[in-house]
Amino acid sequence: MTRPAAGTGAGAAHPFVLGQLVRDLGGVVGADSVSTDATALAEQSADWSWMSQFLRYRDLPLPVADVVVRPQSTEHVEGIVRIASEYRVPVVPRGGGSGTQGGTFALYGGIAIDLTRMNRIVEVDESSLTVTVQAGIDGSVLEKELNGVGLTLPHYPGSHHFGATIGGSLAARGSGVVSTKYGKAEQLALQVEAVVPPGRRISTLPVPNHAAGPDLLQTLIGSEGTLGIITEATMRLEPLPEGRRFLSFQFATVPAGLETARLIMTRRIVPAAMRLYDEADSAKLTSMLSLDMAGVLLIVVLDGHESSMTLEEERVRAVCALNDGVDLGAGPAQAWWDGKYEPFAKHNAPAPPVVFGTTDTCARFAALPGLYEAKKRTIEEGFAEYGARYTAHFSHWYPWGGMIYDRFYVDDAPDDPDEALALHDRLWDAAVATSLSHGGVINEHHGVGLKLGRFMRPQYGSAFDVMLAVKNAWDPDGIMNPGKLGFGAPRSGR
Ligand SMILES: Cc1cc2nc3c(=O)[nH]c(=O)nc-3n(C[C@H](O)[C@H](O)[C@H](O)COP(=O)(O)OP(=O)(O)OC[C@H]3O[C@@H](n4cnc5c(N)ncnc54)[C@H](O)[C@@H]3O)c2cc1C
């Protein structure tokens with residue numbers, strides 16, 4: 001059946017079509033799980049991006065959907081996507097709304113899907129150490145349940161207490177604070193179930209390590225709702241560690257700290273967490289946690305068995321000594337671990353009218369020192385007239401490199417909202433161009449959303465056309481979270 005197209009590429013649906021759409025959706029999820037209330041629509045669109053925060057701060061409208069639905073099962077999501085395909089209206093999924101890239105903005109109207117009622121633990125397999133969950137489960141709620149049986153899903157993003165869901169973490173390729181040892185969300189996933197247009201349920205293979213063709217799992221992961229709605233996921237678990245050790249060192253310069261981190265990783269010592277703060281970020285952290293130190297701070301957290309930690313600690317100390325690291329004892333690292341969500345607490349997190357952005361990127365060891373220096377210069381010198389500040393820490397490491405979690409801040413945003421938004425975009429343009437020209441990528445763990453969509457083509461070059469061809473074949477009407485990942489608007493007509 002083909003219904004009248006509603007909202008495709010043009011914004012809100014016509015009231016006549018909207019009425020039909022609401023009734024049809026109610027037939028799938030129940031009338032009380034469908035709403036067109038303006039407040040509900042605005043809540044569904046909002047996330048933690050600067051754009052979203054700024055629009056709300058200035059009392060300006062967010063781009064909202066026409067209707068919000070609250071499914072409880074995969075069958076419900078199948079029905080919703082089938083109806084969206086029939087009407088050719090956009091579908092915008094939302095987990096906890098803790099994203100920072102404008103991924104939940106309903107730029108072309110349509111149906112917002114609130115996934116937070118899909119929050120069941122389907123199965124804990126204590127023999128294989130895996131858990132299967134509905135995608136809308138809040139990661140911190142799941143973690144409490146797992147800890148109760150001595151297990152953990154080692155994915156603790158800074159947004160752990162902002163409602164971040166397992167589906168959202170997979171959709172945006174998230175990283176938790178212990179990703180260096182345990183992997184990013186995409187490495188913790190064994191299998192996902194998703195609903196794709198025109199309302200079809202698909203599952204990836206039961207295990208991720210196979211030689212059975214291209215990787216469907218990793219194609220759905222990171223697709224941010226542009227290919228389908230992740231409805232269920234099976235994730236790897238770990239036993240809760242027997243213990244943790246905390247080490248802290250001070251270095252004279254960022255390059256000395258980076259060289260230390262490089263040696264730790266290339267000698268294949270694998271800390272649970274390792275964080276190197278430049279002077280500006282150290283100052284912020286030490287004042288937040290009331291620590292008594294200054295300069296470049298390196299925090300190392302080891303976990304596991306006592307015997308292996310003893311060996312790892314010895315090896316970390318030896319590498320730090322090679323680069324004249326000054327031992328600060330366990331204190332700063334322990335304080336960071338205990339207060340690891342503190343930098344995101346309301347009284348510490350930046351907020352409008354400050355213009356800010358986390359321009360995290362990732363590169364090989366050889367590129368990291370130059371990338372850091374270049375990004376610092378780009379912000380501080382390129383935007384000196386605005387008094388722009390730059391802070392950075394390095395917090396997720398790989399056998400071949402690491403990520404820079406860096407931020408720009410401009411304390412006095414222009415009064416005119418258009419100018420403020422334009423300045424925000426110019427800062428991003430400059431930061432991302434520097435990342436790309438120095439061996440980095442547009443983003444390490446916050447995803448792309450609306451904010452970074454315009455950088456996808458410059459980043460991928462001709463490979464972006466191949467990605468676009470996959471998207472167009474998968475979602476011929478372009479109804480899946482349109483306007484994100486640089487994939488453009490919905491298309492009218494098949
Ligand atoms: C204070 C703070 C700290 C943060 N720290 C971290 C951090 O340490 N590590 C990190 O990785 N991120 C971090 N983030 C970013 C954010 O929390 C993550 O991107 C998180 O994974 C988003 O999950 P969510 O459920 O809130 O997704 P949402 O914000 O609801 O959605 C994010 C994107 O994914 C899509 N989506 C959501 N659910 C699904 C689904 N089931 N299927 C398909 N698409 C879906 C949405 O359409 C949107 O495009 C932080 C954010 C804040 C505000």
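This is a predicted model: local features need pLDDT of at least 70, side-chain atom pairs count only at pLDDT 80 or more; totals for chains, interfaces and linings use all residues.
Residues are numbered from 1 along each chain as its sequence is written.

**Whole chain**

Switch to cartoon view. The chain has 17 helices and 19 strands; helices (H or I, at least four residues) and strands (E, at least two) are DSSP runs, numbered from the N terminus. The radius of gyration of the chain is 23 Å, close to the 23 Å that the globule rule gives for 494 residues, so the chain is as compact as a globular protein of that length. That radius is taken over C-alpha atoms, and the globule rule is 2.2 Å times the number of residues to the power 0.38. Along its principal axes the C-alpha trace spans about 70 × 60 × 40 Å. Among contacts between residues at least 6 apart in sequence, 73% join residues at least 24 apart; a contact requires C-beta atoms, placed from the backbone, within 7 Å.

**Domains**

Colour 121–239 as domain 1, 243–343 as domain 2 and 350–451 as domain 3; the bounds come from an automatic or database domain assignment. Now keep domains 2 and 3, whose C-alpha centres lie 23 Å apart. Here 14 residues of domain 2 are in contact with 13 residues of domain 3. On the domain 2 side, α10 (254–266), β13 and α11 each supply at least two residues, and α10 gives the most, with six. That side divides into nine nonpolar, no polar and five charged residues. Ala, Val, Leu, Ile, Met, Phe, Trp, Tyr, Cys and Pro count as nonpolar, Asp, Glu, Lys and Arg as charged, and the others, Gly among them, as polar.

**Helix α11**

Select 279–288, which is α11, and show D281, S282 and L285, which are buried. Seen down the helix axis, the buried residues of α11 fall within an arc of 105°, so they line one face; the arc is that of the directions from the axis to the C-beta atoms. Their cover includes β13 (273–277), β14 (296–304) and β18 (389–398).

Step on to S290, in the loop between α11 and β14. Its phi is near 55°, a positive value in a residue other than glycine. S290 counts as exposed because it has 8 C-beta neighbours inside 10 Å.

**Ligand**

Centre on the ligand and show the 40 residues around it, of which G95, G103, G167, G168 and G174 come nearest; a residue is near if its C-beta atom, placed from the backbone, lies within 6 Å. β3 (91–94), α6 (166–171) and β10 (229–236) are the elements that give two or more residues to this shell, and α6 gives the most, with four. By class the shell has 13 nonpolar, 23 polar and four charged residues. Domain 1 and domain 3 both contribute to it, so the ligand lies between them.

**Backbone stops**

Most residues other than glycine have a negative phi, and most peptide bonds are trans. Select P197 and P198: the bond between them is cis, with omega near 0°, and P198 lies in the loop between β8 (189–196) and β9 (200–203). The bond from P352 to P353 is also cis, with omega near 20°; P353 lies in the loop between α13 (331–338) and β16 (355–358).

Finish at L485, in the segment after α17 (463–474). L485 has a positive phi of about 60° although it is not a glycine. With 26 C-beta neighbours inside 10 Å, L485 counts as buried.

Methods
A residue is buried if 20 or more other C-beta atoms lie within 10 Å of its own, exposed if 12 or fewer, and partly exposed in between; C-beta atoms are placed from the backbone. Two residues are in contact if their C-beta atoms, placed from the backbone, lie within 7 Å.
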